[in-house]
Amino acid sequence: MEEGRSDPKEAAKVESALCVDMEKVRQIEGSGENNVDGPKKVRSLLRLFMACMVSGGIQYGWALQLSLLSPYSQTLGIPHQYVSLTWICGPIAGFVVQPIVGYYSDRCTAKMGRRRPFILVGCLIICLSVMLIGFSADIGRRLGDTKEHCSATTGPRWAAAAVYIVGFWFLDFANNTVQGPARAMMADLSAGNHGPNVGQAIFCLWMAIGNILGYTAGANGKWHEWFPWLKTAACCDACANLKGAFLTAVILIAISMTVTLLLADEKKLDKADVEAASGRGCFSAFGDLFKSLKNLPPSMFKVLAVTAVTWLAWFPFLQYDTDWMGREIYHGVPQGPKQDIYDAGVREGAIGLLLCSVCLAVSSFLIPKLCRKLTSKVVWSISNFMVFGIMTAMVVVGLISTKGYNTSFTDSLTGPDPKLKAAALTLFALIGIPQAVLFSIPWAIASEVVANEDGGQGLAIGVLNIAIVVPQLIIALTAGPIDKALGKDNTPAFGIGGAFAFICAILALVLLPKTRGTSSAVIGGGH
C-alpha cells in the first residue's frame, strides 16, 4: 500500500468520525438561540441574513455575466455558433474547483474559520477577473488589434477576444471557489437554529437582490454618459456600459465580502480531528472525493440524475436569453449598422431578467410552504413543466417575430413588434418562478439526504455541483454545431431545453425521495 493511503474501510470510518465532528461544529455555530425569543432571536436572524451578503455580491456579478457577456463576446468578433464554447470554462471550473474546495473547506483549520478563507481569496480573484473582462477591448488594441475606431470595426479582434476569454475563465474559477463555501457556511450557521426554510429564503433573497441590482446595471445604457472616460477608441457605447457595470461589481463584491467576513461567526475546526481523517495528502483529495461517492445513499444518486437533466433544460436559456432578445425580437446583429438595435435588445433582455428576479424573490418565500404541503419533488416537477411551457412559447414567439427566420423580412426591420416584445418580457418574468425552485430545492434535498447520513455539507455541494457542470459541458459542446447546422439562431437551443424540461418533470416525480425541508441543513442557490 502506498504511503499516505489507507484501507478504504478504515478511511470510511475516519471520514465518518470527521463528519460527526463537523456536525458538532455546525451545532455549535448554530446554537445559542434555539430557546431564545424576542429581540435576541431577531438580532440572531438579522446577523444570519447579513452574514450571507456575499452571495448577493457574487450574484450581482453573475447577473452581469449572464446578461452581457454572450452578446459582448460577439462584438469582439466571436461567431454566434462558437459563443457556447466560451462558456466551457464553467463546467471545467465547476468539475475541478468546487469538489476540491468543498473537500478542503470541510477540513480547513484556519483561525478565521473553515469557509471564510476561500470566500476571501475567491472574491479577490473575481474583482481582478471582471476588470480584465471590462478592459479587454482596450488591452486588445494595445496588443495589436485593428487600429480602426470601434464604431467602424466589423471583423474579429482576436487579441481582445483572448484577453476576454482569460478573464472569463478566471471569473468562473473564482465564482466556484466562493459559491461552494458560501452555501456550506449557510448550512453551518443555520444548523439547529432557524431551520432550513429560513435558510432557503435568506439565500434565495440575497440571490434575488443581487440579480435585481445586476440586471438593472446591465440594462442601464447611460454608464458611458455618466462616466465619459469609459469610452475609448477601442470601446464604444455598449462596451463602455459593460465596463461601468463591472466596475460597480468590484465595489459591491468588496463591500459584501467584508460584511460576510466580519459577521459570519464561524468556529475554528480542531486540527487534531482533521489530521486523523485527512492524512492522505493533498494530491489524493480528488480521489478521496470520488471514493466518498461510494458511500452516498442511493437516494442521493437519484437527486444527482434529476439535477443533471434539470440543468440541461436551463443552460440554453441562461446562455442565450439576452442574445435572443437582441436577435429574434429586436432583429439586430452584434456588429455592423444594426449593432445599436442589437444592443438595445440586449438591454431590454436585461430588463426582462430583472423582472425574472422579482418573481424569483417573491416565489422564494412561497416555496418552503409549497414543499411542506406538496413535498419537494412535486414542486420540482411542477417547475419543470413550467420551464417546458415557457421554452416552447419562446420558440413560437421567435418564429413569429422572424417569420420563420426569413432574412429578406428581418433585414428591413429596425426594431421589435411591441406586442411580441411585451410577450417576450412576460416570458422572462414568468421563468423567475421555476428559477426560484432551481436555486433552492435541489440544494436543500441534497443537503437533507446527506445530513441524514451524517455527511459533510461541503461534500454534498461538491458532489451536486458535478451534476450541474456535466450538463453545462454537454450544452457548451453541442449548442454551436446544432446552431451552425440549422441556422436558426437561438431557436434550436431553446427547443432542446424545453424537451429536457418535460423529461425532467416526469423524472422528478418518479425518482426523487419525499422530503419537505425539515432537515437542519440549508443550501440554496446555483451557478
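**Helix H22**

I began with helix H22 and listed its buried residues, which are Thr491, Pro492, Ala493, Phe494, Gly497, Gly498, Ala501, Cys504, Ala505 and Ala508. I keep in mind throughout that this is a predicted model. I then checked the length of H22, which covers residues 491-511: at 1.5 Å a residue its 21 residues should span 30 Å, and the end C-alpha atoms are 30 Å apart, so the two values agree.

**The whole chain**

Stepping back, I counted 22 helices and zero strands in the protein chain. Of its 527 residues, 60% count as buried, and the accessible surface comes to about 20100 Å², of which 67% belongs to carbon and sulfur atoms.

**Helix H18**

At the N-terminal end of H18 I found a cap, in which a side-chain oxygen of Asp417 lies 2.9 Å from the backbone nitrogen of Lys419. The buried residues of H18 are Leu420, Ala424, Leu425, Leu427, Phe428 and Ala429, and what covers them includes helix H14 (298-329), helix H15 (339-374), helix H16 (376-402) and helix H19 (432-438).

**Ser256**

Is Ser256 buried or exposed? I noted a relative accessible area of 2%, and because buried means under 20%, Ser256 counts as buried. Ser256 lies in helix H11, residues 237-263, and its side chain reaches the backbone oxygen of Ile253 at 3.2 Å. Leaving aside residues up to four places away in sequence, I found that Ser256 touches Met53, Val54 and Gly57.

**A nonpolar patch and Tyr82**

Last, I turned to the surface, where Tyr82, Leu85, Ile92, Val96, Leu473 and Leu477 form a nonpolar patch with about 450 Å² of accessible area together. The elements that give two or more residues to this patch are helix H5 (89-105) and helix H21 (457-486). Tyr82, one of the patch residues, lies in the loop between helix H3 (53-75) and helix H4 (83-86). I recorded Tyr82 as partly exposed, with a relative accessible area of 39%.

Definitions and conventions: Residues numbered from 1 in each chain as written. Predicted model: local features only at pLDDT ≥ 70, side-chain atom pairs only at ≥ 80, totals over all residues. Heavy atoms only, no water. Helix = DSSP H or I, 4+ residues; strand = E, 2+ residues; numbered from the N terminus. Expected span 1.5 Å × (residues − 1). Buried < 20%, exposed > 50% of the residue type's maximum accessible area, 1.4 Å probe, protein only. Patch = residues over 30% accessible without salt bridge, like charges linked within 9 Å, V, L, I, M, F, W, Y side chains within 5 Å. Areas by Shrake-Rupley, 256 points an atom, 1.4 Å probe, with all protein chains shown as cover. Salt bridge = Lys/Arg side-chain N within 4 Å of Asp/Glu carboxyl O. Polar contact = N/O pair within 3.5 Å; in protein donor to acceptor, adjacent residues only side chain to side chain. Contact = heavy atoms within 4.5 Å.
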